[in-house]
Amino acid sequence: MEKRAIDWWVGIFVLLGIAALVVLALRVGNLSGFAYNDGYVLHADFSNVGSLKVRSPVRLGGVTIGEVTHIGMNPKTFMANVTMRIEPKVKLPMDTGASIYTAGLLGEQYVAIQPGGMPQNLKPGSTITMTQSAVNLDQLIGQMVFNKASGSK
Amino acid sequence: MAFLDFVPNLGRRVLLTIPNLGAATRFLLRSLVAVLNRHFSIQQLLKQVYGFGVRSLLLMMIAAFFTGMVLGFQGYYALVRFGATSALGTLVALSLLRELGPVLTALLFAGRAGSALTAEISSMKATEQLSAMEMMAVNPFAWVVAPRLWAGIIVVPILCVIFDLVGIFGGYLISVPVLGVDGGTFWAQMQSNVTFSGDILTGLFKALCFGLVVTWIAAWQGYAAQPTAEGVGNATTRSVVTASLAVLGLDFILTALLFT
């Protein structure tokens, strides 16, 4: 085979390797997220976010419409502040609610959006006030056991 | 008296193994250092990268694609009982990045490129080409062995990255459109559980070690072969068998060292 052709093929091979590494780093590893970069931002305050993580999905009626981009703490109210990025084509009414649910018994946690009925839409950057926190399975089991024990007396 | 011969034979084989290992190590060091020799040429290295890498690419991609699809299927049937199919993306990605990618790449590489390398070097020896080079004051380590060894070290990690990526894509194709796992969850779970340095880079480090070991064994078996037609055949078989076992054994040690 000719020298130049080999040079070309080896160059393409190495570039392919580098490209695969970049895709793995961005898409599979969590070096950076570029999934919902064009969406608008909403906030929601929860008293407990459970094991919600950055990049957890935001769903409406089971359909993923965005993702969690940041989880912080509001030092005045002691509420967890969740920042979400929502697909631009999804316009949510003012009285929309947000809850944290678990997919399956052991699955990951996600933010479920319950749309309201008001004609005005939430503006980018505004905060959802009607929220329901993550269900703490340990606490529930503890309560159940405690109730059982006190009921049997 | 075949049985009585067994005991002294065993002793002789053990005694032969130790100096062989020493000679193989000296061979490796001489070949690695031969990069600095004036007879080492980049053009030879590129030719070997082409032969080992570009021409194994299609094989690797097909193998990776099927491996990923099988992982998707089997993982789904294991996880669906617990209602935990949201973890399928993590399962496919971690299995490929940590174990299957490096190990299968190295095993396929031993069969595809290692065997050819042994056959090439051993038939060069059988036809006294290596001696002829020395007669012409050309260092055979720099001209023949070093480009192949370094090509193996360069090529296997690149093939491994491509294997990982194609495998994950195969797993995705089975999980999301065929088995109906949610696509967003598949990627989100994968992203939140896979780390770049902990999983991707350590997997590639494994591939680098395997590349070195497989090409080392293949080149050494070729170099140490009996210079006969039969010797070439034996060396090729031994090269693939030894390299495959070495990869699997080394994988255990590396896993114990890296992922604790």
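Hi everyone. Before we start, one definition: two strands count as paired if DSSP finds at least two bridges between them. Keep that in mind, as we'll be talking about bridge partners. And please remember that this is a predicted model.

Let's begin with the whole of chain A. It has two helices and eight strands. If you read along the sequence, the order is α-β-β-β-β-β-β-β-β-α.

How much of chain A is buried? Of its 153 residues, 25% are. As for contacts between residues at least 6 apart in the sequence of chain A, 62% of them link residues at least 24 apart.

Now let's walk through some strands, starting with strand 2 of chain A, residues 57-60. Strand 2 pairs with strand 3, residues 63-74, in the antiparallel sense, over four bridges. At one end of our walk, L60(A) has V63(A) as its bridge partner in strand 3. P57(A), also facing strand 3, stands opposite E67(A). The two strands form a hairpin with two residues between them, and G61(A) in that turn has a positive phi of about 60 degrees.

Strand 2 of chain A has another neighbour to show you. Which way does strand 6 run beside strand 2, parallel or antiparallel? Parallel: three bridges join strand 2 to strand 6, residues 109-114. Here V58(A) is partnered with V111(A) in strand 6.

Moving on to strand 3 of chain A, we find that it also pairs with strand 4, residues 79-86, antiparallel and over eight bridges.

Finally, let's look at where chain A meets chain B. There, 30 residues of chain A are in contact with 30 residues of chain B. On the chain A side, helix 1, residues 3-28, and strand 3 each supply at least two residues. Which element gives the largest share? That is helix 1 of chain A, with 15 residues. By class, this side of chain A has 17 nonpolar, seven polar and six charged residues.

Methods:
Residues numbered from 1 in each chain as written. Chains lettered and ligands numbered in written order. Predicted model: local features only at pLDDT ≥ 70, side-chain atom pairs only at ≥ 80, totals over all residues. Buried ≥ 20, exposed ≤ 12 C-beta atoms within 10 Å, placed from the backbone. Contact = placed C-beta atoms within 7 Å. Nonpolar A, V, L, I, M, F, W, Y, C, P; charged D, E, K, R; others polar.
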